[in-house]
Structure formats: C-alpha cells, structure tokens
Amino acid sequence: MTRTLFSLPANLAPDEASPEWMNKGDNAWQLTAATLVGLQSIPGLLILYGGSVKKKWAVNSAFMVLYAFACVLVCWVLWGYRLSFGDKMIPFLGKPNGALDGEYLIQPAFLGSFPNATMVFFQGVFAAITLVLIAGALLGRMNFYAWMLFVPLWLTFSYTISAFSIWYPDGFLAKMGLIDYSGGYVIHLSSGVAGFTAAYWVGPRLTQDRERFPPNNILLMLAGAGLLWMGWTGFNGGDPYVVSTDASLAVLNTHVCTATSLLTWLALDLVFFKKPSVIGAVQGMITGLVCITPAAGVVQGWAAILMGLCSGSIPWFTMMVVHKRSELLQKVDDTMAVLHTHAIAGSLGGILSGLLAVPKLSALFYGAPLHYIGLFYGLAYGRAGAGLRQIGVQLLGILFVVALNIVSTSIICLLVQLIVPLRMSEEDMEIGDEAAHGEEAYAIWGDEEEKVDTKYRGSASKDKLPASRAAGQVEMT
C-alpha cells in the first residue's frame, strides 16, 4: 500500500533560497517594518527638521540627517552590528566583526525566523534614527565637519554598548529582565541624554537665534511629523520579530497613546497659553510615541491611554515650567528639546513599563512570564517582590544609560574638538546654510544677484566678482 505524502504549494514549499527555518511572512513584515523605520528618518525627520528651523538653517539641518543616516548604515555593516548583536566579548559588548559575508547574511538571525541580512537592516535603521535624534539638539550651530566625526564615534562607543546590554540576549541588563520593548532606553533615553550633553559641549546658537527661531515651513514640518508618526507602526510593530497578536497590540497601543498624548499637550496649551499650538501638538505627539515605545506590546489598551496622559503632561511640565526655572537647563541650548521629548519621555515610559507590564503579554513577547511583571500586577497577584524587582531593574537601566551617554558623549566631543571646532564661527552662524554648504533651501530668482552685490559691496577689487557682474558695476558707475 502506497502512502500519499502531503505537499505544499510551490510558492510555500521550502527551497535553497527559502529554507525551512525561514518564515516568509515574518521576513516580509520585518523588511517592511525596517523600511517604515527608515522612512521616519529619510525623509521624515529630514523634512521635520528642515521645516522647523529658521530658513537660513534648513539645508544644514536636513543634511545632518542625510549624512547621519548614510554614515551609520556603512559603519553598521562594517563593525557596528556585530558589536551590538554579535557573540559576547564582555557583558556589555559583542566581538567586533563585519556583517558583509554572504554566507553569514543568509544564516538565521539571533532571534526570529528570518536571515541575518534582514536583522542587520532592521537594526541598522534603528541605529541611524538614534543619531538623527541627537542631531535635533545641535541644529543651528554645530560645525558640519565635527558632526561627520561625531556620528561614527558615538555609534561605536555608545550605541553599541546600550544595544548589546539591553537587547541582545547575552547583555547584562537583558539577563536581569529589563523591559524595553522597542527602544525607550536604547534609542530615546540615549539620544536625549547624548544630545543634551553634546549641546553643552558644542555651545549655544547665536543670541538672536535662541531668542527668535521661527519655523520656516510649518506645513513641511507637519509632513515630517506625519511620516514619523505613521512610521512608528514599523518601529514598535516590528520588534516582536514575528507577525503575531503581540505585534498587532503594540501597533494599536502606539497610536492610541500618541493620540492621547497629543490631545493632552494641546489641552494644556489651551488652558495656560490660550491658543492651540501646532508646534506644541507635534511635541505632544513625539512624547507619546517615545513613552509607549518601551511598553508597546506588554501593556493593555487602557494603560496606553494612561501613558498618553502622562506623556502629554509630565514632559510638558518639565519643558514649560522646570526648564524656564533652571539655570542649568537654560544654559544648554537644546534646539529641538530632545531632553524633554526623548530623555524625559523615554524614562517615563520605562518606569511606567515597570508598573503596568502584564505578565501574560510579557510572555507573548519575552517567552518568560515569571520574569517580567509590572509592580501593580505583582501586588495584585501576591508577587510584590517580583514587581518591586522589576521597578528596580527599570531604574537601574535608566541610570546605566544616562551615565554611559554623559561620559561617552563628553569624551567624544572633547576628542573631536582636538581635530576640528565643534561650533561654527560667529560669522558663519550669521549666514547659515550659504556659509556651511554654499547652498540655500529656497532659491528665488534674483536672490543670488542680490547676495553677490551684498557680499562684494564696498570692495575695491572688482576682479573678485564674476565678469558679468563686474562689468555691470562699471557701467553703473
């Protein structure tokens, strides 16, 4: 008697290019999620920054984003990925190695049912957006050459340590059970503290720029903000590394928390300033996205709303009240307020994760229900000790990331300063994009001629002018 074996359709059957260990659906979603995260930077934050700053800084601000994204991806495949997610060398760092060998890239990733190539790309866009967020604190005065050096150094000596310690299974904080679903610590707390620290060393913008720094294009800023918000579907939805119910929960919680945070910030602006601010609404949107990130798939829907209320009010208070009363905070020129929108909101999300994490949902993500439990559930289930331990681990993680980034960022800035100035000259800051790059964001016909006239007005040497312009002046005289 012959037995008929069940056979899969040709499009689902494993072959050399689609081995049995790889899940085609998971791989497809992971690449999609990575692309969504990439779009948050290029063009999302590129046009958000470009529209948020003064006209004279639009090109420089956008270019800082573009350069950081490209530089990080190259450094990532050369050495960054294996330092962050490679075989353990020490408890907080992997062994240095490249991620370019074809044989390595088609092997299974350290987690998930997809190849290393997919994981390298996915984690690479996360690393890139972290540097892009740091740039937000430095807009309007950092020497671009210094930025070119800062990016690979910070990626190598700060980001890789946080990523390995918290996200890689052999990292010491990962083993302790730190809850950081998608980067509240690794990305947002790190970028907020590093950006603020770097802003201290770089120095402030010109006085007139600090006092008046109106957005040159609010609609463009909103377009970037929209890409940032919608891209967070991949940011939080991609971190389970599988197409799952937990990924769906993370996506829904992300958007619910963000909307709540935006409305809370808007309400506070209305109550205290009597006007609904578009810029304020974007700040509330960002703090909501950041706050839910460490908890996205391990909390319930009502907790996402509670977190949105907190993220729309506590960073609002630190920015609008505490900042204005603190001499230290006012001394440091944090252009896009990343300390409040990312460091404060990220820390808040980490603490709330330690309070609100549901053991069953944690099991869906981590696979270890007894190891991850919010304090409130620990009290409810008679496991107060476990809940208190979780809060302790969350606080320890905050202290570690803050200390790491203050020290590493300071050392990097001091080293870069030995090679090139961190800050542009006063004269170049008066001009902006034209001085830094020889380009302007909005080139209106006739502006160039007027600029040349202004630049060379009063010069005794007309041979410095283009021949046509010099001839024109001779005719006029």
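Biologist: Let's begin with the packing. What percentage of the 477 residues in the protein chain do buried residues make up?

Modeller: Happy to! Keep in mind that this is a predicted model. Buried residues account for 54% of the 477 residues in the protein chain.

Biologist: Okay, and how many helices and strands does the protein chain have?

Modeller: There are 21 helices and two strands in the protein chain. Its radius of gyration is 25 Å, close to the 23 Å from the globule rule for 477 residues, so the chain is as compact as a globular protein of that length.

Biologist: What does the C-alpha trace span along its principal axes?

Modeller: About 105 × 60 × 40 Å.

Biologist: And the contacts, how many of them join residues at least 24 apart?

Modeller: If you take contacts between residues at least 6 apart in sequence, 75% of them link residues at least 24 apart.

Biologist: Nice. What about the accessible surface of the protein chain, what does it come to?

Modeller: Roughly speaking, about 20800 Å², and carbon and sulfur atoms own 67% of that.

Biologist: Switching to cysteines now. How many disulfides does a search of the whole structure find?

Modeller: Zero, across the whole structure. Take C71: the nearest cysteine sulfur belongs to C75 and is 4.0 Å away. A disulfide needs the two sulfurs within 2.5 Å, so C71 is in no disulfide.

Biologist: Is C71 buried or exposed?

Modeller: C71 counts as buried, because its relative accessibility is 13%.

Biologist: Let's move on to rings. How many aromatic pairs does the search find?

Modeller: The whole structure gives 27 aromatic pairs. One of them joins W147 and F150, which are stacked at 5.7 Å centre to centre with 15 degrees between the planes.

Biologist: Where do W147 and F150 sit in helix α5?

Modeller: They are three residues apart in that helix, which covers residues 144-167, so about one helical turn separates them. Both W147 and F150 are buried.

Biologist: Last topic, charges over rings. Which ring does the charged end of R82 sit over?

Modeller: The ring of Y104, with the charged end 4.1 Å from the ring centre. Another case is R205, lying over the face of F213 at 4.4 Å from the ring centre.

Conventions:
Residues numbered from 1 in each chain as written. Predicted model: local features only at pLDDT ≥ 70, side-chain atom pairs only at ≥ 80, totals over all residues. Heavy atoms only, no water. Buried < 20%, exposed > 50% of the residue type's maximum accessible area, 1.4 Å probe, protein only. Phe/Tyr/Trp six-rings, centres within 6.5 Å; stacked < 30°, edge-to-face > 60°. Helix = DSSP H or I, 4+ residues; strand = E, 2+ residues; numbered from the N terminus. Lys NZ or Arg CZ within 6 Å of the ring centre and 35° of its normal. Rg over C-alpha atoms; globule rule 2.2 N^0.38 Å. Contact = heavy atoms within 4.5 Å. Areas by Shrake-Rupley, 256 points an atom, 1.4 Å probe, with all protein chains shown as cover.
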